[in-house]
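Dear colleague,

Please find the structure below, handed over for your study.

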Amino acid sequence: MNYFLKAFVSSAVLCVVTLAAAYFFAKRKQQSRPPQEVLWHESLTQLKELSRHKHRQSLHYIAYAHYAERDSLHALAALMNAISHADAVQCDNCRQAISSLGGEYSSPTTLPTHFTNHADHIAYALRDKNYTHSTLFPPAIEQALKDNNRYVARMLTWCHASDTKQIFLLQQFLAQEITHARFRVCPVCGDISWEAISPRHCPHCMTDSVRFVVFAYPKIQ
């Protein structure tokens, strides 16, 4: 009887020791694993900068739109409102990407909008867009591809393509070659289209055009 009791106690002790050792090693491995903020540090840093920049851009452009509307420059107001909305969509997409990578988004400090004249406002928007397009987006897309993060790379490519169209439209306005005042913005990716380009679906995310947000003069009822 004593033999079986000793064998039972020994087995129980061995099980407890084995479980404790397994727990210890699992805990140690979990602690040694870098958090997502570390794993995606470069992409998160770039996404946070882009989201803050897009947030500020959106606020500036809607302020320019109100200024243009005040002076009855309705076509310019429609374009600035459309670009502002597109940047707000892009900002939201960047925020969602930050969350998906385990990061935390904090709203940027808003900067006051300085008003001069409409040509200067367009030139400022164009400089800002060119900076974002050529300086911020390319390395962020490259980093996402390097990390094999296709979701982030695709989203940033959509933003980059939308900014290309916005730059073209701003250049047309600055050269006084704009001939339309109706713009449509995809609510999913922020792509912008106008009267001469009216796709049935968004060329990037395939969203049906019935969902597009329209900015036009005269305003759509």
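A crossing of two helices is called left-handed if the near helix is turned anticlockwise from the far one by less than a right angle, and right-handed if clockwise. By that rule, helix 3 and helix 6 make a left-handed crossing.

Before the details, please note that this is a predicted model, in which local features need pLDDT of at least 70 and side-chain atom pairs count only at pLDDT 80 or more, while totals for chains, interfaces and linings use all residues. Residues are numbered from 1 along each chain as its sequence is written, and side-chain values use heavy atoms, with hydrogens and water left out.

The chain has 6 helices and 3 strands (DSSP runs, H or I of at least four residues for helices and E of at least two for strands, numbered from the N terminus). Their order from the N terminus is α-α-α-α-α-α-β-β-β. Of the 221 residues, 41% count as buried (under 20% relative accessible area; exposed is over 50% and partly exposed lies in between, with a 1.4 Å probe and protein chains only).

Helix 3 spans residues 41–70 and packs against helix 6 at an angle of about 35°, with the axes 13 Å apart (axes are lines fitted to C-alpha atoms over the stretch in contact, and angles run from 0 to 180 degrees between N-to-C directions). Leu47, Leu50 and Lys54 of helix 3 meet Val152, Met155, Leu156 and Asp163 of helix 6 (contact means heavy atoms within 4.5 Å). These residues comprise 5 nonpolar, no polar and 2 charged (Ala, Val, Leu, Ile, Met, Phe, Trp, Tyr, Cys and Pro are nonpolar, Asp, Glu, Lys and Arg charged, and the others, Gly among them, polar).

Helix 3 also holds His60. Is His60 buried or exposed? His60 counts as buried because its relative accessibility is 9%. Leaving aside neighbours within four places in sequence, His60 touches Leu111, Pro112, Thr113 and Tyr124.

By contrast, Val210 is exposed, since its relative accessible area is 69%. Val210 lies in the loop between strand 2 (192–194) and strand 3 (213–216). The C-alpha atoms of Val210 and Arg200 are 8.2 Å apart, although 10 residues separate the two along the chain.
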